[in-house]
Every structure is written in C-alpha cells, then in structure tokens.
Amino acid sequence: MAIRVDDASDLKARAGLYELYSRLLLEELDLETLQLFQQERWKDALREIEVHPPEPNPVSVEILAIDYCSIFIGPKDYCPPYQSVWQSGQLQGQVVDSMRDFLDVVQTVSRPPIEDHAGLQFEVMAQVLQHESEFGSQGLADSFFRNHVSWTEAMLGRASAMAETGFYQTVLLSAARFIGCEKQVFGSS
Amino acid sequence: MSDSSRRKFLKLGALSLGAFGLSGCSRNTKPNGAEKNGSEKAAVQESSQDGELPFGVDIEKWKKGRGKPYEIGGQKMPGVCELPGPEAKRNWPPRDKYKDAKKVPGMCQLCSTICGIIGYVKDGRVIKVEGNPNDPNSRGKLCARGQASLNHLYHPERLLYPMKRVGQRGEGKWKRISWDEALTEIAGKLKAIRDRGEHEEFAFHQGRQRSKDAIKRFLDAFGTKTQLSHRSLCSGNRRAANLAYLWESDWDLNDCENSKYILNFGSNAFEAHQGHIPFANRIQNGRFQNGAKMVTFDVRLSNTAGNSDEWFSPFPGTDGAVALGMCHWILDQEKYDREFMETWTNVSIEELKEHLNPHTPEWAEKVSGIAAGDIKRIALEFAAAAPAATTMCNRGSSAHLNGFYNDRAIHLLNALVGSVGKKGGWCWSPWGGLDPVVKTPKMPSSAKTWSVLEDPPEYPLANVWRRMRVGEIIYLYLLQGRAKLQAYMTYNLDSPLTWPEESLTKDVLTNEELINFHVCINCFYNETAHYADIVLPWTTFLERWDLDARASYNLRPYVGIRTPMVEPLGESRDIRDFFPELARKIGGGMEEAYDYGSTEDYMKYWAQNVPENPETGKSGLNRLLDEGAWENQDNQPFYEPYNVELSAEELEGAEIDDQGIITREGIGIGIRLGDRSVRGFKTPSRKFEIRSLFVNQVSQNEDCSEMIRKSGVTKTKNRPEQHKGHEVDVDEMPIWLQMEEHENLADNELIMTSFKWNVHNHGRTMNLKWLAEIVHSNPAWMNPATAEKFGLADGDWIELTSYHSKMLEKTSPNLTHGVRDDSGRVVVSKMRVPIVTMPGIHPSAIAMSNSCGHWQYTRVAKAEKSSSENGHLVGSDGETYRDADWERNMWWEDLSNGDPAKWKQNTGNGWNQNRLMPIAPDPVTGQQAFHSTVVKIEKVG
Amino acid sequence: MCGVIAIMSDDKNCCSSDASSPGSGASCSRRPDSDASLSGKQVVQTSCSGEPVNGDGNSRRDFLKNSSAALVVLGAASAVEGGQDQGTDENSLYQPEERWKDRMKAPEDGKKYGWFIDTRRCFGCHGCEVSCKAENDVPLGNYIRQTFYKDVGDYPKVSRMFMPMACQHCEDAPCIKACPCGALHKGSGGTVAIDYNTCCGHATCVEVCPYGAIYIDPVANQAVKCHNCYHRLDEEMEPACANTCPADAIYFGDLNDEDSKVSKALREASENGLETTQLRAEKETRPRMWFVGQAPVEIEERVPKEGQSYSPEAYNIFNWKEGQDV
C-alpha cells in the first residue's frame, strides 16, 4: 500500500534524510560532523530514531573510522555497499550502465570511484526529491528508487548487524528502516 | 512504519537537508565529497543560475530518454504454457553483446606465461577476455585461468582503497586512509632509512612481477639492491644446469613442434610450466601433426604424463639416474652423434664412456625402479629420432636436493644425440624477455648495496651468472638475526602460503622487531597483506601499462603490451603511477629518475622503435595498441647459433689462442674450427660444457676471471671472497647424487611431492570462483597398494609428519631447527588431510597440490559463505539477495566444521601443503627442494 | 570400418527409424528418471591414432579397453541395434509431430554447423568450460559444457583420458520434440536453440536429452544449453570454447563450407586414416559432433544421460579413476 506523499516539505525532509545517509555511507565521520550531532536539535532528532552519537573527540572519530572500514571498506568479510555486488556478485555489473544513465540526468557533487555505491545513489535520490518538491513528480524518483535504491534495505540491515559501534548499529538500522518506509511510499516491495 | 516514526524520520531529514553539501540547494558551497573536475562543476553552477538544472536534475533529458534504458521486465508472449517467470532470461545470449564492443589488447598475468589477450570493452566494462591471435608465442590461446580474468577484475572483494593497520600486526584491524596519507607515511620511513645510509634495510619482495623496469628504477633510485624474489622456489636448478652448459641462456626452449621425439622428465607443461600454453600447443602439434612420440617420466601422473604416449614413474629424485642410464646405453650402442660430440663438446667420447661406466641401465633400474629394458629402448628411440629429438624438464626433476645434477644429466642426452640447437631439438634463445630493440627512458645507475637476504654466501651458483637469489631462506635469516629490515615492501606476494614453513613465515611477518614496517601492494587481501602495516590497492593486469614478453618458442624475440582496458577500479593504482609520487616525496635526488613525463610518455618512448606496419601505417606505441604484439619475423629462429661464422668485421684485431679460442681485447668471441671462425658456445671453452670446470672452481671459491673473459659473458661474477668459508664441492661432470634421506625409508614413511593444477597458480587464483569451482581442495594422492598397506581407503584421513633433510643437516646445519623424533629425523610440522587413492602415483610417494588452504584471500578462496565472526548469513535471504553465484551457489563449502568424519569429498578449500615443507635449498644453487621431503603417515581414527 | 562416412552423407539418405511418433500429448510435469539410458552400448571406434614413431609396443594405449568387443560400428550396425525399442520413455514425452515439425527445420540459409573434437589432443585444461562460463555467465554449479576425466589402467600403466562435452546439436533433436512450450528450435545452420520469451522451465528437454546437455537455470527457471554462440557467429567470431582451446582439440564451423575449420579438420582426420565416431549414435538423434581418439570409448559412461545435467561431481577427484562411474 502506497503512502500518500504530496507535501513538498515531506519531500524535502526525505531528501534531507537521503543526504544524511549518503554522507554516512560515503565517508568516515569527522570531528565536525560529530560536533554537529551534539547540537541539541540534532541530538534530539537522532534520539527519536534511537541513534546516539558519541562524544565528539578524536578517539570517537578513530573508533568510528575503524568500524566504518570493517563494515564498508574491508579488507575482508565486509559488506560491499555496491549494488552490483549485491545483485550479481561482482563489481561493475550491468547495473552500472543504468546508473550512468541516471547520472547523466542527475549531476551529483560526490564522485565516489565506484558508481553504484549506495551513498551516491542516496545523493541522487536527495537531489531528485528536492527537485520534485518544487516542480512536481515526473516519475524520476520512482524509477530511480526501484532501480537503484530499494536494494539497499537488505544491505543496510546486514551492515548494521556487522557494526561493532552502537552508533553504526543504530544509524544503519535506521537507514534500513527508512528505506523500508520508502518502499511503501513507492509502492514497491 | 507507523506514522509517528515516519514523522521522526522527517524531522531528522529536515535538519539534514543541505547540511552535508551534497544535495542541490547547497551546490554552491564547497563540496564535501571528491572534487569534480573544474569544467563540469562550472557548468553545473552556470546552469543552476539559469534555473535550468535546479538541484542538478536535468528533467528534460529524463523525459526524453525515459523508460528506455530503465524499463525492467519484458513483453508478454502468447504460448500454450504459463509464461516465463519474472527473472526470465529473455534476450539471452544478448544478440548484440559484441556489437560496438572495443577490442583492447593486453597480456594475461594470472600465471607467468603472460599470454596475449584481448579485452572486449563495452560501456566502460570488460565483457570478455580472449586470447590475442597476434601474440606470436601464445597464438590466441587462453587457458582457464586467463578466461577467469573477469573474476579477477570484478571480484566483489577486491581491495579498492589504501588501508592502515590500527590493531596489533596480524590482528586484522584497519582503517581507510587516503593515498596521500599512505604515500606520505611510507616516504617518511623510507627517507629516514636513506638518510641514515642504511639503504639495504629496505627490501622489495616480489611474488611475480612483470614491471621489471619500474621496480628496478625505483630501487636503484632509492639505492637498495635488496630485491627479493621467488626464483629459487621456482626454477633455480634448471636455470643453473642450463647456464653451466650454455652460459648465454638459463632457459632451454624445446622445439617440440618440429620434434619427432619428446622425452619429458617431470615437466607438467599441459598444466603448469613457465611456457605453459604456448609450449603445450606446440607439443601437441609436434605429436599430432609431426608424428612425434612423447614419453614422460614423472612421480605422479600429471595431465602431461596422462596424455603422453608412455608414462613411467621413477622413484622421486631419480630422473637424473634414468637419464644417465640412457646416456650410458646410447654410448654403449654407439648411437651418439659423433660429429657433434667431438666438435662441440669439451669431453671426448672415451672420457664420457669412462665417466658413465658405472651408470648402466641396470644401475639406473636399481636406483629408479624403471626397468632397464625400458631405459634402453627409450634411449635408442630417442637417439634414432635425433636431431629432431629433445628432452624437457622442469620442477619435477629440478626441485630436489640433487636437482642441479638431475637437470645436468637430462640435458646431456641432447648433446649425445646431437640435438642441441637443432630444429626439433633442444634449443634456447638469448632473449628471455623483450626484443632488445625497445629501450626504456634512461635508467638510474644500479644500486651498490649488499644484503645477505639477497645474496647469501652459501649458494655458489645462485648469483653467479645472473641473480637468481635464494628466496626461501629470507625469513629464517631474519629470525636468526643475519639481517634486519626497517622497511619491507611486498608486491604480488603470498609468502605465508607459497613459502616453505608456513608457521615460521607467519611468525617473522608478525614480528615488528624483525620487520619494522611492512607495505603490501596487492589486488586482494591475502595472507601477506594480513601482516602488513599499510595495504595499497593494486591495479589488476587489465588496468595497467607494461611492455612485456618472455622467452618465445618461436626462438626469436617479440614485444607485447599490457594496457589499461578500463580505468582502474576504485582507488587502485599501479606502481608506475605512484612510484614517481613516492619518489618525489622521499626526494633527495630520487625524483630525478622520474623526469620522463607521464606513464603514457614513458610507454611511447619505450615502444618507439617498434617499426611501422605498412598496412596500417602505425608504429611504436600506436602499433602495439592496435595489434597487441609485434615480432620481427626477419629474425631467423635461433637454431645452431654456435655454427654462425664470425664476420670479417668481428674478427678485426682478434687473436686466437692454442685452443682455437678467438678473443678480442681478451674477451672471447668465437672459436676456430678447421678453417672456419665461428661463434661457438658462450662458455670458457666456446663449447657445450659437459665438463664445467667453472662450477667446480666457483664452488671452491677459486678465481675464475680468465674463464669469464673467454666466455665473453662478462657480467658473470668472479668473487671468491664472497663465498669464503662456504665451499661446496660441485662436480664438474653430470652425475647423480643419492639423497641420504631417501635411503632406507621406514615402512611408515613416504616422499612428498607437490604439484600445480591446470586451473590454479600457486597463491593467486583460488579467489576466482570459476576456477575454485573446478578445483578447491587437495586431498593427498596415494597409490592404492600403499593405501592398502596403511589400511587406508578413499576419503580416510591421515596425519602427516614432515621432516627436515638429513643431507642438509650436514651440509647446511644452520637451516635445521626443531625437535628430533624417534625416527631420528627432525620434525617440521604435522597436518591432517584425507587421502584419495590414485593409480597414477609412485607407491613411495604422496602428492599434495599447492594453491589450496587459504585462510585469507576472499571468501571464495576460503570456501566460506559467511562471516564467521558475526554469525550473519550472507546470501541466505533469497528474496532480497539475488546474487546467484558469489556465495549462495558456492556448492563446495565445507560444512564439517573440521570433523573428519563429517567431511564430504570435493568440499572445502583444502590444505596448505607448504605448512609441511622445510626450508630446503639445494646447496649448489639454493633451489628449494619442494619434492624431496620425507613424511610419516599415520591413520587418523 | 566406416570412418567419417556419417558426416558427409546426405541427411536424407541416412537411415532413421521413426523415433518421433506422437506421444501422449503435452506433458508439462517433470518426470522421474527414465531408464532409457539402459538401451545398449555406445558406439565407439577402435583404431588407435597417431602411432608414435619408433613405437615398438608399449604404447600407452595398449592397456586401454580393447574396444572391438564392445563395439557397435557407426552407421549401418547401429541402426539395427538402436531404433525400435530405444527410448520409449522419451517418446512418451514427445509432443505430437505437428507441434515441433516446423521447429525441427533450420532456416534455409545453406549453413550446416558441426563440431569435431580431437580427444587425442585435449589435455583437460578446462579453458573451454571457463570461457563458456564467462561468455554466458553460467551460475556456479551449472554447466553448458564440461571436460570429463578418467584415469585408465593400473599402476604402473596408467593413462588419463579427457573429453570435452556439450550439446551435440542433434539433427533429430529429442529436446525439440519434447518441448511443451515450443521454445526449443533450430536456428541458423541447425543450431539447437531456446527462445527465452517462450521457455518456462518444464525441463522435459532435460528428461529426453541423451547427452545430459541441458540444465535448468536456478534463477530464471528456464532451460539453458549450448547455442553455438550464435551471438558471436553474428560478429564472425568463433564459439567461445573453440577459439580459446590451447590444445586445438575443438573445431567448429559450417560443414557445407569445405574451407571451414571443422570441414578441414574432419578431412584431415580422414586423410590420416583416423576413425571418426559419434557418442551414443544408437540413440539415432544424428548428433552434429564427431570425435577422434579413444576418450569417447572410456568416458562415455561418465557423460550424463537422459534426465541428468552436468554436475560438479565431474570435478570430484575421487571419481577420476576407473570403477567410479556414478
């Protein structure tokens, strides 16, 4: 069952969530971001989805970087955040062709070296939703979500289970739940 | 999701929008991610201002192309049955797969044979790799390994980013770092070593490398000669045996395509061998187009042995005795080539008869178990087919403690029948690599340091003609404090798996006192990377530049090219790409070795002498990029080079000594034969040296400068001081040496032999799923009669106890370490494995392959579907995880949990045979004796 | 002995009993294994190829199965022995003739594709199989083609046989007759191919293929088999297995073109007095693959039969030796 979403502010907020998760998937956290999360409104908003950011200090940054590495970078038994790996068991599957077609339509700021990186896909989604919030839907968000975002729910679930820090456990779980929610929005399973 | 939790999400989302500089509204702020290139960024901003591309979305473009590329599912077709399901193949095989695909040449590097390849590239991806028919050596053929290139390039667990160790070394904890951070840290360490003048304490350790120039440039610019290799684990004895006869080449190239008789001692060219596919193809042509017969002597029935016309299984390490028995018989029956022997060798028939007098076929039968009648018959068949008759040999005969002599004895057969250098005979070429017509930009001058790791004094023939090095001793020598390493850079190396004494290798690699700083350059996280401090993601051979070639079976040189077929994946980089940057960071003049411009400039310069193809008008690099390889077909095959007459120009100012040796300025250039002045062999006697005074004198640390001058091979080392105190008595003549440990084997002892599969390449291919599917495990081969004796049947488990060499205990006591058990032998290690009874193995031998038993190197190599630490089952969720292969279909996962009773045949990732191998260098050359080890067998359970 | 006769003879003149009598109509369910494979010995050849020079006895081949006893010679003899009682179970899976008659006809483009396998030259490198996997993205555990191994003899006289196997592209293809949804058909040159807009995975073709050359894709739930790499032929490329073969053991091409690789190789074999055989010719499906060498004699029993597909067990080293046939 699809949830009705026609409120432009909803679209913007969803775009923001994609932006947040994009940032978390693409890179390790830096001190600056951890400090941002300590701001009351951020802390609040995060707490509501049961995410508790650690103290902003270099030790936290290091611990999170190690956890990020073991989840998404490797070197072994990790959870490759690439759609091709998830769907065809190798890097650079045919899904990359499709992803490139979308990147031709949506120009992103991030340029991770691998184009079907979930973080990049989230950024595309963020941009598209913002666009739709102002100009209405042309089916782009729907198409992109089905083709390149819905797969991430399972990946994020696994990534969350692999995480050793409470932060990544909860925040990745929240991302998985968010994508689950988005699936309802787009009426896809 | 409930409405309230949805609202919570939206609240966070509202905060996040624009907070990270990723989405459209903050486009004008500094991007948090990687920088776009300037022009694109400008374009985005400009159109943003126009309002044409708000949020970076070109909705008009989307509307135009919409539905076309993204449509999933297909049209419905009428039919008598239910329609194909949602995952139906539809367009399969894709009719247009190769339409508009670009062909890019390259060279395989999944083994050392480096066959020419073509990558079919479409939409920036390599969709298929095939052989390149223009490659003169490999002729467009490609084996299973090369065909699995796609697994290598697009492996889901490839290293994509530099990483730095954060826990204890070997603990497996890492964090990602940038290339700049990585290179800065490495440069800091290297600069300090350089500043202290301790250059030799930076070692570069290669597994297999095909970028010789790039490595040499870096190490020479740095100033270290401590370049470690695996040559002694591979081919040291065969090379030395060749050099003793020829001096100018360490590599016999058997001209099998033109042969009538191929006599193979322990070479498995159909599955392994440095010449592998090019060689195997020519052998089959020789047999099935030229009518050659092929006879193989090998302890184990390899595919080469199994496909030969006859197979004989000698007792391990007795190949040389069989060969001497044949030589004896050829002499006895007067079937030798008198003219060749008298003209071109440095012993007389009488001398040789006397030398071989004890080595009768009957003696050889006693030693080897091969019937004297067969030895005689084959000897005469071989002689009758000459000169189109050749021996071939490789690690089966040479990776023994008597391997140098085995190969000396085998090669002698060719001299006796006069097939040396003849068409269809036993040939060689002086071109072990690229056609010398191509030249790199100027190289820095050679480093002058010395390290015991690279040049141990104990092995007289290891580094005398050329640097073969003795790789297997390095970890032991480090442990013994004979050297230390402040920085250790490993490259395409998997030493814990491929070096003998696995546990010692691991101990030393873990020890930060012995190896201060370890940088690992590799495509995958392997067992070596596990013990590194920094791991650098290397490009695959489909993503980097090289000019490359190997000793060609066409007996003339060629030039091949490796070129990036696609952009390097992730942040992987080749040494050609980052060595210049590293050198600049180290500074101190190192950067001067890199003033040639870009890598492409370098390649252009290097390839510039490749002449124009009149048909295409292309030359140099462009020609190579077009064709993939170039061979100068005006060069005649290197037949009978010794018979080539010297020109008047060459003879100008030459002198002739009383032995007829022609010298110019004291340097040998040829020999006088009757009224002819010919080139001869490039040995001190200018003849094929059946008697090598040189090997004996070098081993006794005597001055050999005169001999070296006469050979003309002046880069040969004369340095008696270097080996002082390490005299070894190397026999001048081809002999056979009885290994002490093989005498009087106890009833429960066998000799372990190892082998390579046709789908694997030591420690480098078990991560490739299409290969691992075919071979992933390695139960020990045992003769059915032997198994019966031990009360064993197929699939039963045994405990193997391996022993150090008795012979080396005496000759090289520094190598032996461990505890002596009641057998009187010193134990190396123990391991439990299942056995498979095979009719094709000597009853006194037990065979286990290498390449198996990884404990790192991706889940495919480990045959593990899921991460054991987290207990999370990857691929178990069939609905969301659609990959049909990678893990879900890995049907060979071992579910026994280490319980032999539950182990199922053809499952698991096998066992590392090198766990059992002692460090065992042949005292003559340092060749690791992989096939001489005595093991004790005990039934488990 | 009849050598290569079967190859060059005109199809129409070849004896062919009517094995294609209509069955009991469409049958869409998978059937339990039939015992059709019990119908008689395989066709094999006898002569040893490429006697070595100087080979006075003790050729590795002298301890191999003396094939003459077990033999049915190609052509005439097999027609007698095969035929009648052969494959009644398959017949019951066949569709009525009118349903497949058109699909059994190749387009009339003058091409006739065929294969020649020189098993003497094969050294079992698996290059063809991996190339096929790469070309067609065949999932692990499934195979369009496989190379079979067998160690023959007892120590010290042992030999290893190799035989690459795939679909034989039968002229009278049982899979086409049995296909309930009309997906299996003949393409250009007689290539037996599958239409993936139609195939819905009944697997009846697997039940009737006398060579076990078809598998059901686990994800698509559709039949998969060798298609002569028709997409490569379109681009004038050889099938992926043929051009990579390091041993030059695999030859493919147009039998109607005397300059094609396969025609040349067959002609050369014939000129050299080599006997050309076919596998399980008594099944009378008129396969388009010919072999020389002794491997077919020894390995025939290892090739999957009706109701089977290639399996990982082919790689199990415990099965290499004699007496290990599944």
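**Working chat on the predicted complex**

Q: Where does Glu501(B) sit?
A: In this predicted model, Glu501(B) is placed in the loop between α19 (495-498) and α20 (502-510) of chain B.

Q: And what is its phi, for Glu501(B)?
A: Phi of Glu501(B) is near 55°, a positive value in a residue other than glycine. Most residues other than glycine have a negative phi.

Q: Is Glu501(B) buried or exposed?
A: Glu501(B) has 26 other C-beta atoms within 10 Å, so it is buried; the cut-off for that class is 20 or more.

Q: Which helix holds Thr858(B)?
A: Thr858(B) belongs to helix α30 (residues 858-862) of chain B. Its phi is positive, about 80°, although Thr858(B) is not a glycine.

Q: Buried or exposed, that Thr858(B)?
A: Thr858(B) counts as buried because it has 25 C-beta neighbours inside 10 Å.

Q: Changing topic to peptide bonds: which residue is joined to Pro93(B) by a cis bond?
A: Trp92(B) is joined to Pro93(B) by a cis peptide bond, and omega is about -5°. Pro93(B) lies in the loop between α3 (59-65) and β1 (102-107) of chain B. Most peptide bonds are trans.

Q: What about the bond from Ala386(B) to Pro387(B), cis or trans?
A: That bond, from Ala386(B) to Pro387(B), is cis, with omega near 10°. Pro387(B) is found in the loop between α15 (372-385) and β12 (389-393) of chain B.

Q: Now helix packing: how do the axes of α11(B) and α14(B) cross?
A: The axes of α11 (residues 319-332) and α14 (residues 361-368) of chain B come within 8 Å and cross at roughly 170°. The two helices, α11(B) and α14(B), are therefore roughly antiparallel to each other.

Q: Which residues make that contact?
A: From α11(B) they are Ala321(B), Val322(B), Leu324(B), Gly325(B), His328(B) and Trp329(B). From α14(B) they are Pro361(B), Trp363(B), Ala364(B), Val367(B) and Ser368(B). By class, the contact of α11(B) with α14(B) has eight nonpolar, three polar and no charged residues.

Q: Over to chain A: how many residues of α7(A) are buried?
A: For α7(A), 16 of the 18 residues are buried, so the helix is largely enclosed by the rest of the structure. Helix α7 (residues 118-135) of chain A reaches 25 Å from its first C-alpha to its last, close to the 26 Å expected at 1.5 Å a residue.

Q: How many residues do chains C and B bring to their contact?
A: Chain C gives 66 residues to the contact and chain B gives 74 residues. On the side of chain C, α6 (127-136), β2 (146-154), β3 (157-165), α9 (230-233) and α10 (240-244) each supply at least two residues. The largest share, seven residues, comes from α6(C). That side of chain C divides into 29 nonpolar, 23 polar and 14 charged residues.

Q: What is the mean pLDDT of chain C?
A: The mean pLDDT of chain C is 79, and 71% of its residues reach 70 or more. Residues 1-60 of chain C have pLDDT below 50, yet this stretch has 136 contacts in the model beyond near neighbours in sequence. Residues 66-88 of chain C also stay under 50, with 49 contacts beyond four places in sequence.

Q: And what ipTM does the predictor give the complex?
A: The predictor gives the complex an ipTM of 0.96, together with a pTM of 0.92.

Definitions and conventions
Residues numbered from 1 in each chain as written. Chains lettered and ligands numbered in written order. Predicted model: local features only at pLDDT ≥ 70, side-chain atom pairs only at ≥ 80, totals over all residues. Contact = placed C-beta atoms within 7 Å. Helix = DSSP H or I, 4+ residues; strand = E, 2+ residues; numbered from the N terminus. Nonpolar A, V, L, I, M, F, W, Y, C, P; charged D, E, K, R; others polar. Expected span 1.5 Å × (residues − 1). Buried ≥ 20, exposed ≤ 12 C-beta atoms within 10 Å, placed from the backbone. pLDDT = per-residue confidence, 0-100. Axes fitted to C-alpha atoms, helices over the stretch in contact; angles between N-to-C directions. Parallel < 35°, antiparallel > 145°, perpendicular 65-115°, else oblique.
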